[in-house]
Amino acid sequence: MTVPIGDSTCEVFMSQEADERFMDRASLSLEQSCLYERDKLQPISPVCQSPSPGGIEMSDLSRTVDDSIDMSPFSVVVVDDDQNILHSLKRLTRREPYSLICVNSGAEALKLLEVTPQVAVIISDQRMPVMNGTDFLVKSRKLAPLAVRMLLTGYSDIETTVAAMNEGGATRYISKPWLEEELLQTIQGGIRHYYVQQLHMEQKIEFERLAMTDTLTGLSNRRHVLECLEKECLRSHRYGCQLSLIMFDIDNFKHINDLLGHAAGDDVLRKIAKDTNNVIRISDIAGRYGGDEFVILLPESNLSDAISVASRLLQSVVGTPIMQNHESIISVSVSIGVALFGPYDSPMDLINRADQAMYRAKKNGRNRVEVLDFQDDQEES
Ligand code: GH3
Ligand code: MG
């Protein structure tokens, strides 16, 4: 089929089972109409499991992955200015589970990479007019950093191959003419390698998320809040932007634990976290500071912005009591301290000031908001 990309079009050839899925995705992401031409070529024999004698494999993480991964969501992009090569590859991969997308030039391939998700393998010819394979592979790294890159060429000299690998990030070299079974295996190996890399990336993101999250409430943990505080204080010093901090603590929380049990106490902590999320902006950072004590960091906020967030939180907490076992109602309140960051403050000065304000709220009867400006310190001292 022909897919329009910008001012030009590209030929997209896909294996039989994958074409409809790709049509859906491509038509959605390209937001343009597509002309669909079903090819009439005959299927070839299924993949053979023999080892690959010719291809150079720089690294093979894929061997650690179960051979049975579902390859149908993945795409393989082939770039070659020779139409016959593209037709042969189309025929060769007709029975393969992944989508094979063929384009005539590096420029078309780059436009395609911008809108195509899950490109696992990029196979490029070396000698092409305008943009050669190495230049294309170098540029493709920005758009599809995890994709496995392969150089497919009939004219190999050592400099070209080295450049494609070192600069273009190619990890496989396939010579023309290719051995069919070897090429199919190499592509599948590339997809498995991509899958592993993607998995590692997802795990890394998940580990990072867990390292900054309080498991009970899902809010930021103390460490992450302090890291953010440090950054925001630096930003405030550098650019002179306002920064406020709210610190609050649940009133008589020990009572709740003693009366209704620790599990009910945990429910209260989760409920308070939910109330907090409901009153803050996306740019605010809410965290559990420890026990029943929470903080909200409010970048680009002056005292009156922070007081209004604190008041909404106070209302939200007392206004929505928790039902326990459909019978008893747990009424909770919080004492809130609000503080403004001063031009000569350190991060801990801001924390201490908010803590002082919160202590005042406790002292003055709980379920209330107290405020401390940095000028209050100066007046007091
Ligand atoms: P105050 O109004 O003065 O704050 O009184 P309080 O009873 O809330 O006193 P305090 O803040 O010192 O009590 C904190 C309690 O929070 C003590 C501790 O057992 C309880 N706590 C700390 N972490 C957890 C937790 O993860 N789950 C539960 N259920 N309780 C916790
Ligand atoms: Mg408390």
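## The magnesium site

Six donor atoms surround the magnesium ion (ligand 2), and because the angles they subtend run from 77 to 173°, the arrangement is octahedral. For six donors, that label requires opposite donors to be over 155 degrees apart and all others to lie between 65 and 115. The model is a predicted one.

The protein supplies donors through D249 (OD), I250 (O) and D292 (OD), which lie 2.0 to 2.3 Å from the magnesium ion (ligand 2). Along the chain, the donors of this ion follow the spacing D-I-x41-D. I250 belongs to strand β9, while D292 sits in the loop between β10 and β11, so the pair ties together parts that are 42 residues apart in sequence. Both I250 and D292 are buried.

## The five-stranded sheet

Strand β9 is also part of an open sheet. Which strands form this sheet, and in what order? There are five, arranged as β10-β11-β9-β14-β15, and their pairing is mixed. The edge strands, each pairing on one side only, are β10 (285–290) and β15 (369–372). On average, neighbouring strands of the sheet are turned by 20° against each other, with direction ignored.

At one end of this order, strand β14 (residues 334–340) and β15 run parallel and are joined by four bridges. In one of the pairings between strands, I336 has V369 in β15 as its bridge partner.

## Helices on the sheet

Two helices are described here. Helix α7 (residues 222–239) packs on the sheet and touches β9 (243–250), β10 and β11 (293–299). The direction of α7 makes about 30° with that of β11.

Helix α10 (residues 303–319) packs on the sheet as well, touching β9, β11, β14 and β15. The direction of α10 makes about 170° with that of β14.

## A residue in strand β6

V121 is found in strand β6, which covers residues 119–124. Is V121 buried or exposed? Its relative accessibility is 0%, so V121 counts as buried. The cut-off for buried is under 20% relative accessible area.

Leaving aside residues up to four places away in sequence, V121 touches S75, V76, V77, V148, M150, I187, G190 and I191. One of these contacts, G190, is listed among the residues touching V121 although 69 residues separate the two in sequence. In space, V121 and G190 are 6.1 Å apart, C-alpha to C-alpha.

How values were computed
Residues numbered from 1 in each chain as written. Chains lettered and ligands numbered in written order. Predicted model: local features only at pLDDT ≥ 70, side-chain atom pairs only at ≥ 80, totals over all residues. Heavy atoms only, no water. Buried < 20%, exposed > 50% of the residue type's maximum accessible area, 1.4 Å probe, protein only. Contact = heavy atoms within 4.5 Å. Pairing = 2+ DSSP bridges. Axes fitted to C-alpha atoms, helices over the stretch in contact; angles between N-to-C directions. Donors = N, O, S within 2.8 Å, 3.2 Å for Na, K, Ca; no water. Tetrahedral: all angles 85-135°; square planar, octahedral: opposite > 155°, others 65-115°.
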